[in-house]
Structure formats: C-alpha cells, structure tokens
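Student: I have a structure on screen and want to talk it through. Can we start with the helices and then move on?

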Amino acid sequence: MPKGQNSLRGTLLLWLLVPTVVLLPLNAFWTYFGGITVANTAYDRSLLVSARTIAERIQLDEKKLSLELPYAALDMSDNDLGGDFYFRVTGLKREHVAGFDDFPSLPPNVPLSKAYPALVHFYDAEYRGRPVRVAALHQPVSGDAITGVALIQVAETLESRSALTHRLLIETLVQQGLLLALSVLVILFAVGRGLRPLERVRVDLERRDVQDLTPLDEAAVPSETRAFVAALNRYVVRLSKMVELRKSFIANAAHQLRTPIAVLKTQIGVAKREKDPGALGDVLAAIDDTTQSAARLANQLLSLTRAEHGLDTGASVASIDLLAMARHVGLEAVPRAMESEVDIGLDETSDKPVWIYGDAVLLQELLINLVDNAIKYAGPGSRVTIRALLEPPGRAVLEVEDNGPGIPPHEREHVCKRFYRVAGQTVAGSGLGLAIVQEIVSRHNGRLELLDASTGKGLRVRVELPVSPHV
Ligand SMILES: Nc1ncnc2c1ncn2[C@@H]1O[C@H](COP(=O)(O)OP(=O)(O)OP(=O)(O)O)[C@@H](O)[C@H]1O
Ligand SMILES: [Mg+2]
C-alpha cells in the first residue's frame, strides 16, 4: 500500500484541500469575469445616454442639420465615465455635421445591439492612437423637405474601465485569497478535531500498563469508530484469554518440572548415605527413571512449543507417505511393546502410499505419542494396530487402535487439554501427549477424533489430514 494511503489524516486533507484549492480560484475567475461583464454593460449604457443627449439636440433647418450643444451637455460627469470623450455627428448624406471630423466612420459588420430599444452599435476601436469604446446611434430625422437617418458616434477612452477592471481584479483576488486561507485553516482544524477521538484511543493504548487488558470505552468514541473499537475489544478479550491460558500453562509446567527435580534431590541424598552396594544400585536405577521422565517432560514441552509456533519446521516440511511413516514408527515401538507384553502391528489391508504434505518431524511426534499411549494404557496382553489409508474424497487417515480399557466418552473432550489425565491413572505421564497431538493436527488443518475401538472395547484415535496436492 502506498504510504499516503496509510494516513487517514493525509487522505482526508488530500480530498478536502485539493478540491478547495482548485475550486476557489475557479470561483475567483468566474466572479472577476462576471463583474467585468456587468461593468461593461453599465459603461455602454452611459455611452448610449450621451449619444441620445446629442441626438436630441440635432436640429433640422430647411435641408441642413445642425447641432446646438452647450458645453454643459458635454459634461459627462453625470455618467461617471471619466477618461476622454469624443463625438461626431454625420448627416443624412454622410456629410460631417458636428464634432471631430477625423473620427473614423462606422465599420461595416458591427452588429446592432439587442440590449436597447434603439438603433445602436457598440464596438471597440482606436482613435488618435488610443483604444476607445464607441457607441454609434442611428437617429431618424424628418422635416418638411427631407427625411433620413443621422449617425451619432460617441467614444470614450478606456482608462476608467481598466481602472475599474483592475480594482475588481485586486478585490476578487484579496477576497478569494482570504477565503482560501480561511477554508484551509478550517479544514485543517476540522480534520484534526474529527480525528481527535482516534488520537485519544491511541494515547489511551500507549499509556497503558502491559498487563492492562481492560476494554476501551466504546461510548467515548464517535459512532463510526465504535465498531472498530468493539472489534479491538473483542480481540483484547481473546488476547487476555490466551494470556490467562499461557499463565496457567507456565505455572503447570513449572510445577511439573519441579516435582522430578525435588524427587531427584531426595534420591541423591539417599544415594549419598547408602553404604550397601546393592541398595545403592536400586537408588541409582530410580534416579535414572526420574531423570528420564524429567527429560521426557522437557522434550514434550519443547514439542508443544514447536507445534504451536512452527519452530524448526521449515526444513522438515515435505511430502510424506503416512503408510511408510506408520511402518517405521511401529517397528521402532516393537521393543517397548514386547516389554509391556503388547502385540503391535500395522494394518496391511491396503499397501497404497498415503501422501500428504506436512511437517515430517511433527507428524512423527504425533504418531509416537499415540502409539506410546496405546502401549501404556492398553496394558499387557492387549493388541495395538496402526493404520494409514486414503479415504475418498481426498482424505488421509491415520489411526491407532487398541483393545485396552479405552477412555469413557465424558472424559474424551478433556484428555486433549494440557496436563489433563484421567483420574486414578497408575502409569506415569504428564498429560501433555494428546495436547501435542491436537496442536500438530490443527497445524496441518486436520481433525482429531477419539472413538470406540472397532471391536467394541478399547480406544481408536483417528486423525484426518488433507491429502497432498503435490502428488
Ligand atoms: N489409548 C488409551 N487408552 C486409555 N486411556 C488413554 C489412552 N490414551 C490416552 N488415555 C488417557 O488420556 C490421558 C491423557 O493422555 P496424554 O497422552 O495426553 O497424557 P499422558 O499419557 O497421561 O502423559 P504424557 O503423554 O504426557 O506422558 C491419559 O492420562 C490417559 O488417561
Ligand atoms: Mg501420553
């Protein structure tokens, strides 16, 4: 994800500031040109008024037009035109009647203005080297002898118009600039304020003690972020449950490790005092047993951690034939089984390989634990069967079955918990074997079931794993 998209503040500022910064100058542009159009219309109207004033003073004496124009009439201050003012009156036969005789004649193709009920043209021109705005008014004249149309042209230089345009431009720029600056400030403030509740959540979380897993106050945040905080709280609840489990696991593990060490200490004390070589041999054998069970416990704790966190697994993840693995583990267990007078065997109904993709070390650990339990709990004279087969559709099944006492159904949901053992157990163990099995099965997205043995008496542990997509 690009860096900018990570920041809510950045995204909000981008989406608010960019349109504002673009739209306000656009608005300034419209305001300015709108203002110029209005001002030009007003100036043109003033020009027309001047032309009409002149037109009203045209007199027709016999066949000749003349203009009686006092200077007062030429005072255009009423119209507030400013600048220089020129005019010319042209007679019915295009002869010069009054005004400036070098005034340029009305160019062809200048359209009639539709804005006024008069025959008037407005156009831009140049006169005496300066740009001017001209109104050309056609004035019907009629007398006894002649009838026709006189042309009155009035022009003004553009100083006042450009002064006004300039003022308009400056005012618009100042106004819109202020508006822009204010808008930016308001947006910055609003975004900061809008995000403040999230900031409070952050500060609250950062100030917390590591141990503090109390939920955040959902009511203190805006409705939009409530769902987010609620999800965070649910996560914290899950986290605290996990922390609790961890704590009790560590306490249990420490307790379990302390016991054999305490026993060892006592046994060593006894050994030190023992003079009789025969009795000393017995004590040493007992010390050996205790050491072995302590070492096994330490190994089990390591296995559990490995299964949980996938440590050490990278190298051993591969395609594995469960049947070959079952054969291998079964063979390895034969000496122990014989010692316990247990008949161990592999179910040979199918000799097809059962390929799955998984962690060889962990899966072997799983099978060893199941076989170990079966030999340990089924007891002398019993029979243990290991089975690995493919079950349609796409399931690999690994089973260890014995015809021992089995596990009562109400105990089955508990025996996979860490350190849990069925009460009244006479055989040594720490209650971690099935917890390790469960963890390894979960890591492989499989399923673990404790079932009745197919013969009726005994336990059948069934592990279902997804078959390898690679084979
Ligand atoms: N095949 C079985 N037959 C009867 N009971 C069993 C069998 N397998 C497990 N159990 C019962 O389930 C309990 C939990 O087994 P688990 O393997 O988790 O621990 P454990 O064998 O007691 O100790 P550990 O395996 O850590 O040495 C055992 O104490 C035992 O009571
Ligand atoms: Mg066990």
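This is a predicted model: local features need pLDDT of at least 70, side-chain atom pairs count only at pLDDT 80 or more; totals for chains, interfaces and linings use all residues.

Student: What span should helix α1 have, and what do its ends give?

Tutor: Helix α1 covers residues 8–56, which is 49 residues, so at 1.5 Å a residue it should span 72 Å. Its end C-alpha atoms are 72 Å apart, which agrees.

Student: Which residues in α1 are buried?

Tutor: Tyr43, Leu47, Leu48, Ser50, Ala51, Ile54 and Ala55.

Student: Now the open sheet of five strands. What's the order?

Tutor: The order is β9-β11-β12-β14-β13, and the pairing is mixed. Because β9 (343–346) and β13 (447–452) each have a single partner strand, one side of each has no neighbour in the sheet. On average, neighbouring strands are turned by 15° against each other, ignoring direction.

Student: How many bridges join β13 to β14, and do they run parallel or antiparallel?

Tutor: Six, and the two strands run antiparallel; β14 is residues 459–466. As one pair, Glu449 has Arg462 in β14 as its bridge partner.

Student: Which strands does helix α7 touch?

Tutor: Helix α7 (residues 322–339) packs on the sheet and touches β9, β11 (383–391) and β12 (395–402). The direction of α7 makes about 165° with that of β9.

Student: Switching to ligand 1. Which residues come nearest?

Tutor: Of the 21 residues around ligand 1, the nearest are Asn373, Val422, Gly429, Gly433 and Leu434. The elements giving two or more residues to that shell are α8 (360–378) and α10 (433–443).

Student: How do the shell residues divide into nonpolar, polar and charged?

Tutor: Around ligand 1 there are 10 nonpolar, nine polar and two charged residues.

Key:
Residues are numbered from 1 along each chain as its sequence is written. Chains are lettered from A and ligands numbered from 1 in the order in which they are written. Helices (H or I, at least four residues) and strands (E, at least two) are DSSP runs, numbered from the N terminus. The expected span of a helix is 1.5 Å times one less than its number of residues. A residue is buried if 20 or more other C-beta atoms lie within 10 Å of its own, exposed if 12 or fewer, and partly exposed in between; C-beta atoms are placed from the backbone. A residue is near a molecule or strand if its C-beta atom, placed from the backbone, lies within 6 Å of it. Ala, Val, Leu, Ile, Met, Phe, Trp, Tyr, Cys and Pro count as nonpolar, Asp, Glu, Lys and Arg as charged, and the others, Gly among them, as polar. Two strands pair if DSSP finds at least two bridges between them. Axes are lines fitted to C-alpha atoms, for helices over the stretch in contact, and angles run from 0 to 180 degrees between N-to-C directions. Two residues are in contact if their C-beta atoms, placed from the backbone, lie within 7 Å.
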